[in-house]
Amino acid sequence: MPAANEFSGSDPLQFDRKHLWHPYASMIDPSPVYPVVAANGVRLQLADGRELIDGTSSWWSAMHGYNHPVLNAAAQQQLAAMSNVMFGGLTHPAAVKLGQLLVNLTPAPLTKVFFSDSGSVAVEIAIKMALQFWIAHGQHKKNKLLTIRGGYHGDTFMAMSVCDPVEGMHQLFGSVVAQQFFADKPHTKFGEPFDDSELDSLKKILIDHHEDIAALILEPIVQAAGGMHFYSADYLQQVRHLCDDYDVLLICDEIATGFGRTGKLFACEHSGVSPDIMCLGKAITGGYLTLAATLCTDRIANGICSGKPGALMHGPTFMANALACAIACASIELLISQPWQRTVRNIAQHLREGLEPARALSSIADVRVLGAIGVIEMREPVNVAQLQQQFVDRGLWVRPFGKFIYTMPPFVIGNNDLESVIGGMVEVAALL
Ligand SMILES: Cc1ncc(COP(=O)(O)O)c(C=O)c1O
């Protein structure tokens with residue numbers, strides 16, 4: 001039998017094209033996909049032997065690159081003991097250790113951890129925590145959410161309801177998507193003087209509707225899939241104050257930003273803000289396995305559990321998957337045992353210097369960098385399949401979306417490879 005990492009059958013790519021659904025893809029006229037047979041460090045190896053330098057960290061998750069010996073060893077060690085056991089009525093060392101790491105590393109008042117399978121589910125759980133908190137307090141009217149335009153929180157239904165109402169899937173799914181409150185998105189860029197008037201629309205919603213609002217959910221500092229927008233840390237600070245003033249819980253979705261990506265371990269630290277509920281995912285396992293966590297404070301957990309039915313009503317089959325937890329522990333320990341801030345600063349400096357020439361191109365609206373995130377924003381949406389081919393032809397894996405050509409490279413990327421990614425981004429942007 002061929003190994004699972006070898007393509008087999010007469011035309012495996014034809015099978016893929018005919019039978020396998022890819023993200024946001026058509027089954028009638030699918031865009032091309034590139035067959036990967038191995039990945040090492042920051043290189044993806046294609047079936048035809050070509051290698052691509054990865055500028056995307058597999059959707060921002062593989063922060064240590066691929067096939068990392070430390071993560072591999074953690075996986076093997078856990079496999080030798082057990083790959084998983086149910087978390088109902090049982091526990092295991094990997095979950096306890098990961099819980100300790102998360103409680104220790106996230107902002108202080110977050111003490112309780114709920115593990116789940118993916119980012120979208122972590123968001124569902126965060127929302128459920130907020131709703132259950134108010135139900136437990138007899139405040140059944142507080143069952144709506146407030147968010148800011150331009151956000152992305154996942155593809156499950158409650159998560160979709162707080163994604164940007166124009167760019168998200170609200171129109172497609174019509175009345176099935178819950179109706180929520182949307183405030184204007186903050187325009188002051190990260191690091192620029194904050195204009196208080198940006199809070200007007202948020203304040204107005206809170207004044208008029210706080211009695212109906214359970215929680216405000218946002219991506220702290222970086223609105224990622226909603227537009228790679230880096231906003232003012234002061235804005236987030238003000239949001240925290242307003243939530244307190246109007247008795248609305250604050251949920252920070254750190255699924256894209258967590259674990260050092262923005263230069264802080266968690267992006268809310270740029271504002272010195274701590275949420276009531278925090279969602280983590282993506283890089284939590286260094287991109288090896290799907291795992292997410294929703295953390296909350298004692299106040300939230302005690303509130304939920306002192307009401308009826310005395311428990312948080314959620315419990316996925318693969319909750320706290322032992323293999324994923326063991327790898328997550330290894331990944332987080334690997335990160336914090338290294339001078340990761342210096343690494344991220346170095347990546348940021350290269351991105352700033354290298355992407356700057358793109359600013360002169362007439363087709364480009366903006367160039368911006370925060371931590372290990374570099375973005376070229378085009379004036380018009382790009383043809384993803386065409387640009388993808390351009391990158392692959394240059395030996396690079398950069399996957400644009402919308403108007404954005406961006407990179408979030410693995411932290412282990414060397415300067416030369418990083419220069420190649422950056423140079424490729426500028427070159428491809430210049431073609432448009
Ligand atoms: C901020 C944010 N929240 C939630 C999600 C959803 O995570 P998942 O794709 O693991 O369900 C994403 C994914 O891109 C995200 O960036």
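Student: Leaving aside its neighbours within four places in sequence, which residues is Thr294 in contact with?
Tutor: Contact means heavy atoms within 4.5 Å. With neighbours up to four places away in sequence set aside, the residues in contact with Thr294 are Lys112, Val113, Phe114, Ala122, Ile125, Ala126, Met129, Ile277 and Met278.

Student: How should I read the numbering and the values?
Tutor: This is a predicted model, in which local features need pLDDT of at least 70 and side-chain atom pairs count only at pLDDT 80 or more, while totals for chains, interfaces and linings use all residues. Residues are numbered from 1 along each chain as its sequence is written, and side-chain values use heavy atoms, with hydrogens and water left out.

Student: Is Thr294 buried or exposed?
Tutor: Thr294 lies in strand S12, residues 292-297; strands (E, at least two residues) and helices (H or I, at least four) are DSSP runs, numbered from the N terminus. Buried means under 20% relative accessible area, exposed over 50%, and partly exposed in between, with a 1.4 Å probe and protein chains only. At a relative accessible area of 0%, Thr294 is buried.

Student: How far from a polar atom of the side chain of Thr294 is the backbone oxygen of Ala122?
Tutor: A polar contact is a pair of N or O atoms within 3.5 Å; within protein, one must be able to donate a hydrogen and the other to accept it, and residues adjacent in sequence count only if both atoms are side-chain atoms. The backbone oxygen of Ala122 and a polar side-chain atom of Thr294 are separated by 2.9 Å.

Student: Which residues does Gln238 touch, not counting residues up to four places away in sequence?
Tutor: Gln238 is in helix H9, residues 233-245. Its relative accessible area is 28%, so Gln238 is partly exposed. Beyond four places in sequence, Gln238 touches Phe194 and Leu199.

Student: What distance lies between the C-alpha atoms of Gln238 and Val273?
Tutor: In sequence, Gln238 and Val273 are 35 residues apart. In space, C-alpha to C-alpha, Gln238 and Val273 are 9.5 Å apart.

Student: Which polar side-chain atom lies 2.7 Å from a nitrogen atom of the ligand?
Tutor: A backbone N or O atom of Gly119 is 2.9 Å from a ligand oxygen atom. A polar side-chain atom of Lys282 is 3.0 Å from an oxygen atom of the ligand. The atom 2.7 Å from a ligand nitrogen belongs to the side chain of Asp253.

Student: What is the peptide bond from Lys308 to Pro309, cis or trans?
Tutor: Most peptide bonds are trans. Pro309 is in the loop between helix H10 (298-306) and helix H11 (322-336). With omega near 0 degrees, the bond from Lys308 to Pro309 is cis.

Student: What is phi of Tyr24?
Tutor: Most residues other than glycine have a negative phi. Tyr24 is in the loop between helix H1 (12-19) and strand S1 (36-40), and is exposed at a relative accessible area of 60%. Phi of Tyr24 is positive, near 50 degrees.

Student: What is phi of Asn67?
Tutor: Asn67 sits in the loop between helix H2 (57-60) and helix H3 (69-81). At 40% relative accessibility, Asn67 is partly exposed. Phi of Asn67 is also a positive value in a residue other than glycine, near 55 degrees.
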